[in-house]
Every structure is written in structure tokens, then in C-alpha cells.
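Good morning, colleagues. I would ask you to keep the sequence and the structure in view while I speak.

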Amino acid sequence: MNQSRTFSAMKWWKLPSISSFKEHAELIAAIISGFLILLAWYGEHHWTPSVFVSIYVTAFLIGGFAKAKEGLEETVKEKSLNVELLMILAAIGSASIGYWTEGAILIFIFALSGALETYTMNKSHKEISSLMSLQPEEAFLITNSGYEWVPVKTLQVGDQILIKPGERVPADGSIVKGSSTLNESAITGESLPVNKKETGEVFAGTMNIDGSLVVSVTKPSNETLFQKIIAMVQNAQSEKSPSQLFIERFESTYVKIVLAVVGLMLFLPHFLFGWTWMETIYRAMILLVVASPCALVASIMPATLSAISKGARQGILFKGGVHLEHLSHLKAIAFDKTGTLTKGEPEVTDFLPLESDMEHSILSVVSSIENESNHPLAQAIVSYAKKNDCTFSTVENVKDHSGMGVSGLYENKEWKVGKADLVGKEKATAYKENHAEVLASEGKTVIFVAKSEKIVALFALKDTVRKEAKKAIATLRAHDIYTIMLTGDNDRTAKAIAEEVGMDNYIAECMPDQKLQEIKTLKDHFSHVAMVGDGINDAPALAEADVGVAMGEGTDVALETADVVLMKNDLPKIGEAIQVSRKMNKIIKQNIIFSITVIMLLIVSNFLQILDLPLGVIGHEGSTILVILNGLRLLK
């Protein structure tokens, strides 16, 4: 009994793996370094110098190793100096003149920021790689001797494969035999399944719902649309923004200037101004300390973290300061339709029976037949019946007509529920003076009900617009932000939704690569562009946009690719996010101007020999504290 309990405890408590320690090594080192700094700071007043200095040196080595290695490798590779080296030298310079705490804090700040950046990138790469689980690893290949399960990667163009109901499509191809309904939401993002028949195109990663298909492979496994989506996301994420490139150029120039001036300060004043060697070295070390960009770093980080914290309280998850910065400059926003502007699930919007007194009986029979189908439209009708307290009837011989609808027997009479083709196009057109055409023009899907070959009712269903969508779009347009909807749905439905929401424009029948191209086109016309989506098909466009915004209930890949996540699917929060961004940028500008001014005053004062080391430290650290406090105002 005791052994059993011990074994259960061991299964519940698992020690972190070696790979997990390696993955988070930088973060662990930064945390240990911070703990050692606190310990050494306490020890300055209680222990001998040899003890607390040893602890500081340990904190330097543990916290600074990764950034020092990165800085040296980048210097050798790019043949240019970087801020990593300047921070390490500034920390060593501070320690060399006895200011161990300041040097250690510089190391800690840089180590922590680097660790968080590495963790975020690793997490993103993992989620993108997990996309592959949606594409089957094996396919049912049709051979001369029968059928054979083979690895998808061995399929050749022209091979024929069998795809049974309930299976995912393993490769891009064209239907040779059969017809079925396919759920293509993984590719198009549209919630309603699509009917496909011979010569129809199918895509890897989509779900075959109700019919067996024989498909001829048209693309090798490494060239499928699914693989292209992954590649597009990775390529878009690797592209550097203009702001990032500017910062990198600024960093290199800044480091060169500071190091050059410090190098000159080590000996030039001795010969030019007659300073003693001790005074010359002393002034050079002060310059290295006061010129280190602590205040500049603090100008951005606390304000950014405060804005992120404020956004989190409001249900907005920001993934970085650069995305917050871009939000305030947005000129255009593109929206996905299904799951973003709409709920992503069809609902019955109209029910028109032949006679009003037949409403309850028709709904009872139809919902009973549809209750035996897993089709989203069928389930929407069943849900509608339940909301109207409809009782189910006993139906028999329910049959599925692939891509058309369903039929069943009730009291020995045949009932059909489905498209116009199932009940007869002429009858469907004549029903209620072709009111179905009016409903279809509103972007609704029309389902007819026939009893013994006579149409007795019709249902109209629609992926309804979120209540808050109109408010969100109105707010954005009030800020002179151009809005456009990108959807894989047909033109008629897209137009109806765009008009209902109040969009400036819309583009229908967009595949993932087309959405990506539309974002690139928008970026040619607007300085800053955002994309709002929730599906795998939106991932490339989310990555390409200056700011990618994902709905909180979206796919894992969309959430990881996006820069901003609306945790409660609350679209009006986009307007609030923009306000937070604008306030953050205002505070950052104040901090940068203030910190640069202080650094310049300290440098000039040092040259004039009116600044000693304690005042230099007070000015340097004081300006850092002030900009941090200014940044924390965003928490209010």
C-alpha cells in the first residue's frame, strides 16, 4: 500500500528535465544573480569586504556570462561593437572604482531582459511547429494490389489516396471520385463546411466530414498550402521593422562614441590639461558610469511594463513594447470575419413555415431529423428548436445526402431538409415568391423543408455579427483609421457583413496567402497596419502586419503569432489599447528627453571637473529612479 502511494506521488511530482533547465538557463541565471546582489548589498554593512565582493563577483559571472558571450560573438561576427559590451564594460568600470552595486544592477537588468526575450522566441517557435500535428503523418494509398498505409512524405504527385469520413486530408489534391462536405476552417477560417465533388480541390489539414473521397495528389508534402502557412509565418516574424533597424544602428554608433571618448579620457587630459594620472583615470571611469544607458533603458522598460500590466487588467495582452508603440501610429486595420467580427457559429435568423399554425409541428419534425446529424447547420436548427421549447418527434430511416441535406420518415411520409437542389429548384424559387433570394442577398444560408415533395418551410441561417463589433469599428473610424474586412467567404455574404458592421471596404474569397498579400498592399499605402484574426489561416497576415491582434478564443497558432491578444474577445478593447499606447509613447518621450539631458549635463560636468563620483552616481541613479516613477504612472 505504501509503495503504491509512493509511486503515485512520484508520477504526480516530476522533476524538471535537463532540457527544461537548458531552455530557461538565462532566466534562472538572471534570478540567481538578482538574489546574490541583494545578499551582497546586505553584506556590505555586516561582512568583511572580501566576503561581499566575492558575492558581487559571483553575481557578475552568473548574470553577465550569457550577455557577455552574446556581445563578443556578435562583435566578431558583425565586426561592430554593441550595447552588450558597453553594459559589461560599464559594470566592470563601476566595480573598478568601488561601486559594485551599480555594476551588478546593470548586469541584472540586461540579463533579465535577454532571458525574457529568449523565452518568448522559443515559445513562439514551439507553437508554430505544433501546427504539424494537424496534418496526418500517414495516407491510405491506392495501389494495384489494394490499399496501403504509407508515410505522407513519400507521396508523389499523381498518387491516388482514399480519405474516409472523419479523417483529415493528408495532402493537397484534386477529387477523382466521390463527393463530401469538408471543414476547411484550418485553412480558410470559415466555420461553415464546404461541399466538394469530382475535380474539386482539397487541402492538407482539412477535415473530411461525411463522404469517402478518392484524391489525386497534386503537391508534394513539403509544398502544401499548410506548409506554406508555416513558412509565411516564420518569414514574416524574421523580418525586422524599420524601428528595430534604426535602434540597432543607433546602438552601434552610441557604443563606438562612448568607448572612443572613454579611451581618450584615459590619457589625453593628463597631457592637455595637466591632470594627474589618478585624476585622469578617475574621470574616465566616471564617464563610463554616467554615459552608460541605464536611464535610457529605464525610460522604456517601466513604462512598457506598466502599460502591459494595465492592459492585462483590462483584458488586453501585449507581447512587447514595440507593438505598443506601433498601436498609437495605426492608420489601417484589417479584420478577419468568422470568429472575429462574427461569432463563428451559424444561428437561425428566419423561420418561415407555409402556414403559421404549422410552425410547431414542422419545427418538431425537422429538429428531430437534424438531431441525427453533426453538420453545423443541423445543430443550429436543433438549438433553435430547443430555445423555442420544441418537443422531439420519433422519426425513422434518416439518411444523409452528402452536400445536399438530410431526409427521414415521419408517420410514413418523407421529409427532406436541405438545399434547393434536394427539394427541387423550381419549387424552392416559387416558395413565398422567391423570398429565399432576398434572404440570400443578406448573406444568409437558406435551408428548405419539404413534406411529401411539397415545400412547407424554410430556415435562414447566418454567422451573426458580434454585438460589440459595430461599436469597435465606429470607434476606429472616429480616429480616422481605415478599416477593411478580409474573408474567405463568398462575395455576397462578405458584402452583407461589411455593410452591417460599417467597414470602409472588404475583400472576399481570400486564401491565407491572399490575406498576407493584402496586408503587404496595405503597408504600401499606410505607415502602420494592424491585422485582427483568430484562425490558423490568419497567422501569416498577423505576423506580417505591424501589429497582429488575436481573439482570446482563437487558435494556439494565432495567439502565439499575434502581438496583442484580446483575452475576452472584446473588440472595443482595441480602442482602449490604442489609448494606452498613446499615453505610453508620451511618457517614454518625456523620459528619453529627460534622461539624455541628465546624461549630457553629467558628462559636461565631469569634463569641467565639478562632478565627483558620488554626485555622478546620485545624478545617474537619481535620473533612473525618476524615469521609472514617471513610467509607473501608467498603472493608475
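The model is predicted: local features need pLDDT of at least 70, and side-chain atom pairs count only at pLDDT 80 or more, while totals for chains, interfaces and linings use all residues. Residues are numbered from 1 along each chain as its sequence is written, and side-chain values use heavy atoms, with hydrogens and water left out.

In the protein chain there are 26 helices and 22 strands; helices (H or I, at least four residues) and strands (E, at least two) are DSSP runs, numbered from the N terminus. Of the 636 residues, 47% are buried. Buried means under 20% relative accessible area, exposed over 50%, and partly exposed in between, with a 1.4 Å probe and protein chains only. Among contacts between residues at least 6 apart in sequence, 66% join residues at least 24 apart, where contact means heavy atoms within 4.5 Å.

Let us turn to helix H22, residues 512-525. This helix of 14 residues reaches 21 Å from its first C-alpha to its last, close to the 20 Å expected at 1.5 Å a residue; the expected span is 1.5 Å times one less than the number of residues. Which residues of H22 are buried? They are Pro512, Lys515, Leu516, Ile519 and Leu522. These residues lie on the same side of H22, because they cover an arc of only 120° around the axis, the arc being that of the directions from the helix axis to the C-beta atoms. As background, an α-helix has 3.6 residues a turn, so residues three or four places apart point the same way. The face of H22 turned away from the buried side carries the exposed residues Asp524 and His525.

Next, a helix pair. The axes of H11 (residues 277-291) and H25 (residues 573-607) come within 10 Å and cross at roughly 175°. Axes here are lines fitted to C-alpha atoms, for helices over the stretch in contact, and angles run from 0 to 180 degrees between N-to-C directions. H11 and H25 are therefore roughly antiparallel to each other, a label for angles over 145 degrees, with under 35 counting as roughly parallel, 65 to 115 as roughly perpendicular and the rest as oblique. On H11 the contact is made by Arg283, Ile286, Leu287, Val290 and Ala291, and on H25 by Ile599, Leu602, Ile603 and Asn606.

H25 also holds Arg582, which is partly exposed at 34% relative accessibility. Leaving out residues up to four places away in sequence, Arg582 touches Ser328 and His479.

Ser306, in helix H12 (residues 294-313), is buried at 2% relative accessibility. Not counting residues up to four places away, Ser306 touches Gly631, Leu632, Leu634 and Leu635. Ser306 and Leu632 are 326 residues apart along the chain, with their C-alpha atoms separated by 5.7 Å.

I close with two loop residues. Asn412 has a phi near 65°, a positive value in a residue other than glycine. Asn412 sits in the loop between strands S14 (405-410) and S15 (413-418) and is exposed, at 74% relative accessible area. Glu453, also not a glycine, has a positive phi of about 70°. Glu453 is in the loop between strands S16 (445-451) and S17 (454-465), and at 42% relative accessibility Glu453 is partly exposed.
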